[in-house]
Amino acid sequence: MPADSAPADYPLWHPFTQMARFEREPQLVVARAEGNRLIDTDGNEYVDGVASLWANVHGHSHPHIVGAIQEQAAKLQHSTLLGITHEPAIELGRRLLPYLPGRSRVFFSENGASAVEVALKMAVQYWANKGRPERNRIAALDMAYHGDTLGAVSAGGEGPFRDVYEPLLFEPLRFSNRSADSLRDLLEAHGHEVAAVIIEPRVQGAGGIIVAPEGHIAAVRALCDEFDTLLIADEVATGFGKTGAMFACDLEGVTPDITVLGKGITGGYLPLSATVTTEEVYQAFHGEEGRKLFHGHTYAGNPICCAAALASLDLFEAEDLLARTRKRADLLVSLLAERIADHPLVGDVRQQGLMTGIELVADRDTREPLPSDREAGWRVCLAARDRGVFIRPLGDVIVLMPPLSIEEDELAQICEAVAYGLDRVPRG
Ligand SMILES: *Cc1c(COP(=O)(O)O)cnc(C)c1O
């Protein structure tokens with residue numbers, strides 16, 4: 001060990017975590033989880049109000065998914081997809097495609113950011129392979145979030161997630177989520193050089209649960225057609241039911257050229273992601289050796305992960321889970337209206353399905369933001385733990401994104417805990 005490095009009591013450095021804060025706050029060590037609840041090492045239970053970072057779909061330790069994982073682990077735990085294949089991946093490709101009409105090819109990776117990188121590379125190489133290498137730029141939404149690897153960060157919105165890494169990034173063209181007119185302007189000026197337009201359809205997640213107006217996805221699709229560029233839909237957050245539809249693009253009957261899936265694909269059990277595309281895109285890579293897609297991760301399409309994803313699809317197909325989700329989302333609308341929306345700190349409540357953002361402000365009329373040193377979002381979430389609820393904010397936006405399996409009383413408990421937390425933010 002180098003002389004200047006002291007051994008730490010606590011060996012971990014956590015993702016997206018200010019460790020100074022982590023060290024001074026009470027630690028929640030999760031020991032196990034059942035249904036929609038996390039259980040810590042002292043036996044305290046917390047409703048999982050953010051579905052373990054937006055991933056969990058059917059609740060934790062579901063016997064059908066756990067059983068599928070155990071069975072697959074005993075049979076084939078891993079074999080590569082680089083040049084050879086295996087049944088769980090083939091079956092998962094076949095089972096996913098009926099949910100994604102108009103698309104025919106599934107490229108597996110291990111996490112959402114990687115699957116976004118694949119989508120970007122696929123789009124640029126598609127045009128290169130078609131002899132149109134000048135179409136090599138990406139158009140992305142303001143405030144976009146597509147993951148934390150450099151290509152995904154490049155496409156992501158400006159701000160602390162991105163600015164410091166600027167020297168390592170490419171510059172996308174930017175347009176607004178509020179109206180597609182800004183995309184028209186952009187494509188009129190730059191359409192000939194745009195390889196693809198990437199969106200988070202309907203709901204921008206990490207940008208603050210920003211809900212686009214109805215019709216925005218369809219308008220973007222129409223513009224991509226008019227200007228002959230590809231549409232990439234990043235459904236890593238919105239996929240697998242959280243918006244009340246299986247995929248957010250379904251809300252507007254849109255078929256993207258490339259769809260990115262992650263988070264909920266395995267029900268939130270194991271790391272897996274997919275970049276799904278059309279035969280048109282796929283065919284541009286078909287032929288000589290040099291036309292292939294130069295990308296691949298060691299554990300891409302791991303059989304155990306695929307088995308979990310197949311078991312998750314079984315559960316979607318066993319009952320009308322989307323109808324149930326929409327009922328839960330309606331209940332959440334009324335709970336938020338009753339308990340949260342009128343609170344003096346609440347400037348806006350945004351919701352699509354179970355994806356919810358509660359924005360805290362200093363002044364409800366002017367929507368003036370709170371000073372960041374009040375740490376209001378963080379305080380609300382920390383206080384909610386006292387009421388048996390685990391949630392995590394995005395700055396001063398309280399995020400609620402429970403599993404689809406959330407029960408009515410658990411939704412009420414989440415909203416009660418948020419109201420309790422709001423009352424504990426010191427007045428400015
Ligand atoms: C979480 C997220 C990603 C990144 O997924 P990881 O698995 O964390 O790499 C990409 N896009 C969107 C919209 C996300 O919400």
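Arg 367 counts as partly exposed because its relative accessibility is 39%, where buried means under 20% relative accessible area, exposed over 50%, and partly exposed in between (1.4 Å probe, protein chains only). Arg 367 lies in the loop between β14 (355–360) and α12 (376–386); helices (H or I, at least four residues) and strands (E, at least two) are DSSP runs, numbered from the N terminus. The phi angle of Arg 367 is near 60°, a positive value in a residue other than glycine. Leu 53 likewise has a positive phi near 60° without being glycine. Leu 53 belongs to helix α2 (residues 51–54) and, at 45% relative accessibility, is also classed as partly exposed.

The model is predicted: local features need pLDDT of at least 70 and side-chain atom pairs count only at pLDDT 80 or more, while totals for chains, interfaces and linings use all residues. Residues are numbered from 1 along each chain as its sequence is written, and side-chain values use heavy atoms, with hydrogens and water left out.

Strand β7 (residues 194–199) is largely enclosed by the rest of the structure, since 6 of its 6 residues are buried. Two strands pair if DSSP finds at least two bridges between them. Strand β5 (residues 137–141) pairs with β7 in the parallel sense over 4 bridges, and Ala 139 stands opposite Val 197 in β7. Strand β10 (residues 230–234) also pairs with β7 in the parallel sense, over 4 bridges; here Ala 196 stands opposite Leu 230 in β10.

Rings of Phe, Tyr and Trp (its six-membered ring) pair if their centres lie within 6.5 Å; planes under 30 degrees apart count as stacked, over 60 as edge-to-face and the rest as tilted. By this rule there are 6 aromatic pairs. In one of them, Tyr 145 and Phe 161 have ring centres 5.7 Å apart and planes at 85°, so the pair is edge-to-face. Tyr 145 lies in the loop between β5 and α6 (150–155) and Phe 161 in the loop between α6 and β6 (173–175), so the pair ties together parts that are 16 residues apart in sequence. Phe 161 is partly exposed, with a relative accessible area of 37%. Phe 16, Tyr 145 and Phe 161 form one aromatic cluster.

Tyr 145 is also one of the residues around the ligand, among them Trp 54, His 146, Glu 200 and Asp 234; a residue is near a molecule if one of its heavy atoms lies within 4 Å of it. By class, this shell has 5 nonpolar, 4 polar and 3 charged residues, with Ala, Val, Leu, Ile, Met, Phe, Trp, Tyr, Cys and Pro counted as nonpolar, Asp, Glu, Lys and Arg as charged, and the others, Gly among them, as polar.

| Protein atom | Ligand atom | Distance |
|---|---|---|
| Gly 112, polar backbone atom | oxygen | 2.8 Å |
| Ala 113, backbone N or O atom | oxygen | 2.8 Å |
| Lys 263, polar side-chain atom | oxygen | 2.6 Å |

The protein covers 83% of the 380 Å² of accessible area that the ligand has on its own, as computed by the Shrake-Rupley method with a 1.4 Å probe; for residues, only the protein chains shown count as cover.

How values were computed. A polar contact is a pair of N or O atoms within 3.5 Å; within protein, one must be able to donate a hydrogen and the other to accept it, and residues adjacent in sequence count only if both atoms are side-chain atoms.
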